[in-house]
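Try each task before you read its solution.

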Amino acid sequence: MRPLIIVNFSWWKIRLSLPEIHVMQRKIFGFVFTLAMLVQISVATAQTTINWRGGSGSWSLNTNWNSNNVPDSNLENVIIEFAGSGTGTISVDGDFEVRDLTFRDGNVLDILDTRTLTVNNLVMASDGRISGAGNLVVGGSGAHSWSSARMEGIGQTTFSAGTLTIQGLNVPNQVVSRRINTNGVTNWTDGGQALTLSSGAVWNNAGTFTRNQTSESTIRNLDLLDTSIFNNSGTFIKAGSRDSTVNGGTFINSGEVRAESGNVTFTGVFNNNGGDLIAVGSGTITINSNSYVHNGGRLIVDGGGSIGGNAGLTIRNGATPSGEVIFGGVEGTGSINQITTMDAGTYIAASNLSAIDPSNSVGTLSFSGLTMTGGELRIQISGPDPGGTDLINVAGTASMTDITVVTSFLDGFTPTFVGQEFLFFTASNDLRPFISSWSFDQTVFSEIRLSNSFRSASLVSAVPEPSSLALLGLCTGLGLFARKRRVVASL
């Protein structure tokens with residue numbers, strides 16, 4: 001007999017068995033789940049597009065929008081473009097969040113002081129302007145575009161995510177006074193005028209900013225006018241076959257400046273504050289600045305890349321305000337085409353020495369001129385000379401004092417006989433005044449030997465490889481055995 005449950009609501013009764021209750025539970029759950037899915041689909045598809053009616057006015061006034069609806073939801077798309085009432089100034093007089101903002105036709109979006117407009121994706125075109133002391137935050141992970149538009153005022157525009165494409169700029173001074181923050185991916189491609197910052201504008205790049213020009217015949221540069229600043233804590237990449245210049249202003253690098261092809265030239269103040277300069281393949285970085293400070297960070301050249309300029313370069317180890325030691329060094333198998341000074345500084349630590357390291361595999365690292373006090377030359381040896389040893393070549397004068405030569409062997413190679421030489425340093429001047437202060441691994445090498453009118457330095461092996469020692473011991477033993485037999489025979 002099935003157990004029964006009797007539900008009594010004073011004026012009516014329901015008699016249900018347990019199996020019937022289970023069936024009802026499943027039906028209720030199915031109904032609730034279906035209803036929730038329908039609500040979710042309805043919300044997801046409830047995006048609406050709201051158009052500005054035209055002319056000037058306040059964002060918060062509903063009569064300025066079609067359907068009398070003030071856009072204030074991340075499900076609403078906003079289009080501001082020329083309409084029947086002409087272009088005008090739209091005053092953002094509150095904190096609003098919308099989904100996508102399309103901005104065209106010479107209208108002005110004036111974000112008032114202390115106010116923030118947050119959008120998911122942004123399209124700026126056709127001579128539009130974003131101004132004011134307030135903030136625009138573009139937070140979507142999708143695609144944003146910037147062409148023929150201007151950012152001005154003392155507020156900030158932040159691209160916190162997604163990919164920003166800059167192309168087809170046809171108005172001058174695209175950034176006036178304003179602060180631009182790019183934390184995602186920024187691609188500045190062919191088409192349009194130079195990208196210009198003026199009146200003290202600041203661009204803070206914490207993401208990846210790529211300048212890629214390939215087909216356009218006229219070179220379009222990044223112009224930093226009127227004390228404007230480009231502050232790179234992310235990665236600034238020069239790509240594309242066309243050369244490019246960062247003109248004037250101040251370029252501060254605490255991240256990475258990378259030239260992958262073509263040449264990028266910096267003409268203003270260049271402050272490399274613990275960042276890396278990297279030139280690979282056919283890429284070249286040129287610093288044509290009378291104010292070039294390289295406080296820590298590395299210079300890396302690889303695959304024929306080069307770093308050069310018309311100013312002397314000082315690479316120093318220093319300390320940040322928190323006391324952190326900043327390391328400075330040069331790596332790679334390319335060329336540093338300027339007079340270089342390696343300065344150990346006063347905060348030197350054993351793990352933070354200034355260093356020159358041809359790196360990775362055996363190769364040649366060249367300098368126009370080199371002065372180094374303290375620090376390391378890191379030399380790899382993979383086989384007998386010629387060509388088996390890292391080479392540091394100074395085309396001009398080398399002044400090298402208190403240098404430590406740090407060696408490592410590759411692919412299991414070791415010296416094959418006592419007195420074997422490994423050429424690792426050449427210069428155009430006499431090295432005798434400096435060589436007595438150089439140190440090296442005396443368990444492996446007996447001396448640093450100068451040759452070629454004292455302008456080349458080689459490490460000289462002190463011990464042969466283990467197999468040679470074994471052979472020497474065997475020959476010595478046979479000699480002693482033969483001598484003993486002769487002595488016995490004479491008796």
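**Exercise 1.** Find which strands each supply at least two residues of the lining of the largest cavity, and sort that lining by class.

*Solution.* Start with the strands, which are DSSP runs of E with at least two residues, numbered from the N terminus. Strand 23 (208-212), strand 26 (235-239) and strand 27 (244-247) each give at least two lining residues. The largest share, three residues, comes from strand 27.

Next, list the lining: Trp188, Phe209, Arg211, Leu222, Phe236, Lys238, Ser244, Thr245, Val246 and Val264. A lining residue has an atom within 4 Å of a point of the cavity, which is a set of points on a 1 Å grid over the protein atoms alone where a 1.4 Å probe fits but cannot get out.

Now sort by class: six are nonpolar, two polar and two charged. Here Ala, Val, Leu, Ile, Met, Phe, Trp, Tyr, Cys and Pro count as nonpolar, Asp, Glu, Lys and Arg as charged, and the others as polar.

The model is predicted: local features need pLDDT of at least 70 and side-chain atom pairs 80 or more, while totals for chains, interfaces and linings use all residues. Residues are numbered from 1 along each chain as its sequence is written, and side-chain values use heavy atoms, without hydrogens and water.

**Exercise 2.** Work out how strand 15 pairs with strand 12 and with strand 18.

*Solution.* Two strands pair if DSSP finds at least two bridges between them. Strand 12 (residues 128-131) runs parallel to strand 15 (residues 149-152), with three bridges; glycine 128 has alanine 149 as its partner. Strand 18 (residues 175-176) also pairs with strand 15 in the parallel sense, over two bridges, and there valine 175 stands opposite methionine 151.

Methods: 1 Å grid on protein atoms, 1.4 Å probe; cavity = no way out; pocket = protein on both sides within 12 Å on 5 of 7 lines; lining within 4 Å. Helix = DSSP H or I, 4+ residues; strand = E, 2+ residues; numbered from the N terminus.
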